[in-house]
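Have a look at it first, then read on.

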Amino acid sequence: MNLTLDVWRQKNRNTEGRFETYQLSGISPDMSFLEMFDVLNGQLIDAGKEPVTFDHDCREGICGSCAMYINGRPHGPKQVTTCQLHMRSFSDGDTIVVEPWRAAAFPVLKDLAVDRTAFDRIISAGGYVSVNTGNAQDANSLPIPKDHADDAFMAAACIGCGACVAACKNASAMLFTSAKIAQLSLLPQGQVERRVRAEKMVAQMDEEGFGACTNTGACSAECPKGISMTNIARMNREYYGASLSSTNA
Ligand code: SF4
Ligand code: FES
């Protein structure tokens with residue numbers, strides 16, 4: 001395949017960025033999108049130019065680091081992570097536009113790499129459980145209803161990639177935060193901090209500068225793990241439940 005790439009280049013968060021255009025030839029349709037970027041970077045290094053900075057780690061769709069906004073959509077045209085996107089999803093002769101996530105809470109570090117530590121701080125605010133250490137618990141000593149286990153498992157599939165924020169016109173982090181809250185609120189291990197978890201994590205989310213949810217559903221539509229908006233409804237119930245119990249305390 002022969003391709004034209006328009007790629008966002010930016011030295012750091014304090015400098016202005018711009019698109020640069022690159023020509024690539026001989027790209028296999030079976031390459032992943034990141035492998036295609038490896039070819040581009042090899043070409044740039046050979047020409048004595050600076051390669052494009054982008055985040056990646058597992059290249060298996062599980063770490064959530066491969067953030068790229070491709071042709072106006074987070075992770076491109078399929079509902080998968082960028083590392084799981086293949087060049088056969090494009091046509092020979094295409095022009096592909098690649099940008100970083102756009103959100104005030106995700107400032108650009110360099111080129112396509114953004115700072116997503118805001119998500120880490122939301123988790124630090126309440127996305128943990130208190131457990132007694134010691135011997136492992138006997139199997140089946142903590143019965144969990146099947147529908148709770150299923151819903152918790154679905155919420156736990158969130159990989160913290162940030163595509164939901166990038167897709168949202170308000171740059172809201174409600175889908176991410178709600179998946180983390182819902183997962184813990186459904187399991188017995190999550191009950192110790194349950195009453196304060198939603199309040200703390202929502203407060204941190206607001207402090208980081210993420211926007212509000214206006215229920216457009218773009219987050220869930222673009223989420224590579226199919227995280228459902230029902231988690232947002234659950235988070236709201238957890239939040240109001242916590243507010244009521246602190247009012248009554
Ligand atoms: S909810 Fe989906 S899009 Fe958002 S961070 Fe989790 S996996 Fe990524
Ligand atoms: S590199 Fe880990 S999800 Fe893409």
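Is Glu 99 buried or exposed? With a relative accessibility of 16%, Glu 99 counts as buried, since buried means under 20% relative accessible area, exposed over 50% and partly exposed in between (1.4 Å probe, protein chains only).

## Ground rules

This is a predicted model, where local features need pLDDT of at least 70, side-chain atom pairs count only at pLDDT 80 or more, and totals for chains, interfaces and linings use all residues. Residues are numbered from 1 along each chain as its sequence is written, chains are lettered from A and ligands numbered from 1 in the order in which they are written, and side-chain values use heavy atoms, leaving out hydrogens and water.

## Charged pairs

Glu 99 has a salt-bridge partner, Arg 102, with the closest N and O atoms 3.1 Å apart; a salt bridge here is a side-chain nitrogen of Lys or Arg within 4 Å of a carboxyl oxygen of Asp or Glu. Arg 102 is partly exposed, at 36%.

Arg 73 and Glu 222 also pair up, at 3.0 Å from N to O. They sit 149 residues apart, Arg 73 in strand E4 and Glu 222 in helix H7 (DSSP runs numbered from the N terminus: helices are H or I, at least four residues; strands are E, at least two). Glu 222 is buried at 14%, while Arg 73 is partly exposed at 31%.
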